[in-house]
Amino acid sequence: MEPERTERKTMPYRKYNTGVTDKYATLTPLVNSCKLHITTIRPPTPERAQKAHRQDWVKETKLISTTHHWNPESLAGGAWSGLLAVQEARDKTTHSAGVNYYYNALNPPKSAGGSGRSCYNSGFPFTRVPHESPISSFQRIDLDRHSLEHCPQLSIMNEVQLLNLQHNLITKIQHLSHMQQLVSLNLYNNRISEMSGIEALSSLRILMLGKNRIHEICCLENLSKLNILDLHDNQIHRIENISHLNELQILNLAGNNICRIENLQGLDCLTELNLRHNCISFVAEVERLPCLQRLFLSGNSITSFDQLACLGESRSLSELTLDGNPVALETWYKQAVLRCVLHLRQLDMKRITDEDRRMAGVQARKEEEKKRESHKQTIHKEKRRLAIRNAAQQWEGVKACLELPPANGAKEEVSPENSPAHSPAQTNGLAQDPSPEEPRRISPGSGPERPSGGTEIRLRTNSRPNSPRDSKLAEAGSSGVQSLSLSDSHLAELDGDTLRLFGPGALEALERGWGVQTANAVAVITFRYINFDAIVPTLPRIRVKFPNLSHLIFLESNISRLPQLAALAQVRRLDQLTIHPEGNPVVSLALWRSFVIYRLHHFNLQRINGQEVTMNDVIAAERVFGTLGHIAATETPRCRLLLLLEESRKRQLQFLLEGRGRRTGLSPEELRDNGKLVGEGLSRALFNYPSRDCSAESPEEGTVESSERAAMIEQYLQELVQRASDTNLKGEALHKLWPSMFAEMVRDCVLEMRDRAAFRQASLAKLSETK
Amino acid sequence: MNRLSSSVPVDEYLADSSVLVYLSDAVTQLLEHKEEYTQFGVVRYFAEYFSSVKNSNHVLFREYSYIRATLHNRASFIRVFWRCYRQIGKSGDMLSMLEYRSLLQLLCPDFPVEVVQSAARIVLMDDAIDCLMSFPDFLYAFQLQFYYQEFLDSVLAIYQDLLAGKSPNTVIVPTSTSIELLHSVTAEENEKAGQQQDGVESSTLAECVEALCDRFKHCHPSRSCMKEVFNQTEKVCYFSFLMSLAKHETINETIGALPSKAELLIDQEMDQELDKL
């Protein structure tokens with residue numbers, strides 16, 4: 001019978017084994033561990049020893065299977081029946097055999113890292129009982145599946161070390177307090193709702209209370225030797241009263257209602273923490289467990305990697321499960337976790353390969369870059385907003401200063417009926433108003449992260465490829481905005497073919513080196529919050545730099561007088577001109593449009609403030625200003641023309657003047673017609689707006705020089721006048737004296753010639769003498 | 001001037017004829033733009049300069065201080081202004097003070113707004129300075145204001161003293177007025193609204209203006225014309241007086257810059273020129 005029993009014992013095992021491997025591939029760890037036991041056990045004395053051995057093996061298998069809380073129904077029928085058979089067989093021999101093997105699973109795992117452990121397929125979700133220890137004699141009571149409703153009275157059995165009461169109907173833990181030797185207590189699958197009754201079991205190392213109705217962790221104050229605490233599948237809400245368990249190695253709290261990971265400090269030996277199937281959304285305190293190697297968090301509510309951040313601080317963690325959490329569905333979940341927990345060897349029961357790590361590294365870098373980029377972007381966006389706002393603010397200040405003096409003298413504002421019908425509300429083509437009416441009090445220092453060195457950040461954006469993020473950046477919704485120059489009070493940016501300049505400082509962007517292609521792309525320039533007089537000196541540069549410029553837009557630029565508009569003649573070509581009524585008083589003048597058409601005739605403007613320029617407009621403008629131009633061209637003294645004209649025309653005129661100068665006898669009529677000298681454009685060219693520099697070149701020096709010069713001139717003229725008046729006086733005196741002088745002279749002559757012969761002789765003698 | 005009539009001393013002659021002003025300006029210009037004018041020819045430059053002064057086109061695009069330096073310059077400028085913008089009058093457009101200022105600035109870049117404002121006040125009787133004005137109205141008012149600037153300022157001072165109920169004699173001695181002015185300012189402010197409507201007695205103002213003319217060094221409108229204006233009404237206010245002066249044909253003839261109102265919009269010669277273009 002013995003062989004047969006052996007056969008029966010081993011066969012089911014095999015069966016069980018195959019069943020599991022075939023159908024429950026994921027549960028292989030258990031199988032492995034079982035197998036391992038068989039192989040590692042030393043064969044003791046022949047039959048009995050072997051028998052006992054087998055028995056023990058069965059026990060162990062059983063124990064393992066229960067601690068892993070097999071659901072019998074879920075097991076393959078064959079496998080389970082096999083197990084039952086084992087059970088029966090064992091029952092028969094339980095007491096006869098010296099089943100005093102002490103299952104010393106509880107000694108500190110000196111060889112934890114040994115061969116047995118290492119082939120353990122880690123990451124298994126449920127608590128395992130360590131198995132590597134040899135078994136010695138023990139007092140053991142096994143009352144598995146006896147439908148007990150109360151704890152049995154075992155008062156005589158003080159020596160009991162292992163008490164198995166699993167699969168009963170016990171509701172309360174009683175009658176155990178005298179079992180001071182009790183090392184392992186298994187109350188798996190009962191109906192216990194409170195943990196009271198175990199307070200005195202100070203030797204207890206294994207406490208199995210899985211699948212009960214416990215609400216609260218308590219009564220563990222004296223159980224300081226506890227190595228394994230299994231409370232899975234209860235109704236616990238809170239982790240508490242365990243922080244003194246400094247020898248605890250395994251804590252199983254799977255299948256409870258725990259929402260927070262807390263009160264774990266002090267569990268200095270904890271290597272495995274099972275929190276599967278709870279309601280945890282945030283991982284905390286894990287870093288306070290110095291020995292934690294395995295952490296099971298499957299089936300919780302963790303949604304983002306931020307909630308896992310503290311995993312990164314654990315230096316010992318090597319196995320982790322997170323499947324069944326929302327976060328595990330993220331695209332780069334694995335990589336993100338690996339990046340977070342560097343020492344991880346298994347994730348969701350899969351080995352981490354080098355490839356995984358490499359991918360994680362790459363992903364990490366990408367992520368980092370993206371983050372930096374978006375951060376940079378936000379900063380940039382904020383800066384841009386601030387710059388525009390500050391420019392607007394400064395502009396308000398400047399405007400207030402400008403408007404104050406005339407406001408005292410007379411009201412500068414223009415009556416409503418005065419505003420010309422064609423000027424207002426031509427806002428197409430204008431950038432949206434970034435609400436300059438927003439609260440004004442922005443101190444310059446309030447900008448985020450102002451660059452420490454210098455007030456400017458330059459982003460040479462040519463190197464940056466256009467990417468979708470740019471669209472977010474652009475206020476106007478266009479893509480590909482390049483920021484050229486940015487400080488706390490000015491901004492220059494290129495948006496497609498539009499160059500936008502906010503604040504006077506932005507003009508600096510025109511000065512720097514532009515790529516030919518970039519410069520060629522610019523077709524529209526928008527000025528805002530920049531005084532027109534400051535813009536004028538840059539116009540020649542704009543002419544040279546942006547050959548394809550066809551549209552100029554002036555928002556707030558304080559253009560107030562017609563002559564200022566003449567300065568625009570300096571650009572190369574212009575199809576459209578937009579001068580926004582706000583901040584540009586000139587637009588309120590009825591004649592401004594006509595003047596622009598007349599003065600910028602050579603551009604053949606298509607549109608002014610969005611309104612098309614018709615032939616009638618041109619004729620009307622010609623009528624109003626034609627006379628002026630004609631008179632200016634024909635009647636201005638030519639020497640004066642030389643001063644008024646720009647360089648090229650001046651040379652032309654000079655040449656003509658000299659040419660004519662050499663041809664003597666030029667008729668005044670010919671010369672009169674200045675207009676024909678240099679062509680028709682002359683009349684218009686005369687209306688120039690002097691840029692600031694010429695009028696303001698060192699004013700002090702100028703006045704000193706001019707006053708000196710004036711004094712010099714005065715002195716010179718004084719002398720001149722003196723001499724002239726002296727000459728005049730002399731002339732007048734001579735005039736008075738002349739009649740009498742003349743009479744005297746005549747009389748002298750007559751007297752001399754009275755004696756003709758004598759006179760003749762005297763004359764001859766004089767002649768001969770001279771010879 | 002005839003050099004044989006030695007009755008006029010040199011200095012007086014020079015002062016009267018403003019020759020020194022032009023001489024000095026010519027030399028200043030020459031020195032300032034040495035390069036251009038040397039190339040142009042100094043003699044030629046002087047010839048052209050003085051012929052332009054004679055032809056009244058020397059004021060084009062010159063600075064304000066030069067334009068107002070002599071009466072001849074002022075008259076020349078007024079005439080140039082008329083000739084250049086006659087078309088605006090012809091089209092009948094009404095323009096605001098600021099637009100006239102802008103037009104003036106096209107001819108003289110630094111033309112100050114104050115003169116334009118004063119002219120606008122004459123047209124608009126000191127109120128509603130933002131209103132639109134017709135070209136002829138503005139032109140004549142501008143002529144009066146610009147040509148007799150100094151005289152009008154003095155008349156205004158006298159007028160305000162009269163309004164304040166002060167003896168106009170005090171105006172003659174500046175030192176005594178300064179203190180009284182301080183007193184009168186508040187009173188004037190209070191009474192201004194009521195008094196300005198009816199102004200002052202024409203006869204009183206006429207006497208004062210007569211006295212002013214006696215001691216006034218600068219040019220002033222002929223006394224007979226002013227008398228004529230004063231005789232029209234019993235009471236007169238400053239701006240209505242100025243308006244009457246501005247519309248006075250004789251004064252216009254005296255200045256000699258503008259044609260009579262009837263012929264204001266006609267300029268045969270220029271029209272022909274423009275037709276050619």
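**Cysteines, surface and fold of a predicted model**

Good morning. I begin with A:Cys269, which counts as partly exposed at 32% relative accessibility; partly exposed lies between buried, under 20% relative accessible area, and exposed, over 50%, with a 1.4 Å probe and protein chains only. This is a predicted model, in which local features need pLDDT of at least 70 and side-chain atom pairs count only at pLDDT 80 or more, while totals for chains, interfaces and linings use all residues. Residues are numbered from 1 along each chain as its sequence is written, chains are lettered from A and ligands numbered from 1 in the order in which they are written, and side-chain values use heavy atoms, leaving out hydrogens and water.

How many disulfides does the structure hold over all chains? It holds zero, a disulfide being a pair of cysteine sulfur atoms within 2.5 Å. For A:Cys269, the closest cysteine sulfur is in A:Cys291, and 5.5 Å is too far for a bond. B:Cys225, by contrast, is buried, with a relative accessible area of 2%.

I turn to chain A as a whole. Of its 771 residues, 47% count as buried. Chain A has 23 helices and 21 strands; these are DSSP runs, helices being H or I of at least four residues and strands E of at least two, numbered from the N terminus. A:Leu737 has its place in helix 22, residues 699-752.

Finally, contacts, meaning heavy atoms within 4.5 Å. Among those in chain A between residues at least 6 apart in sequence, 54% join residues at least 24 apart. Thank you.
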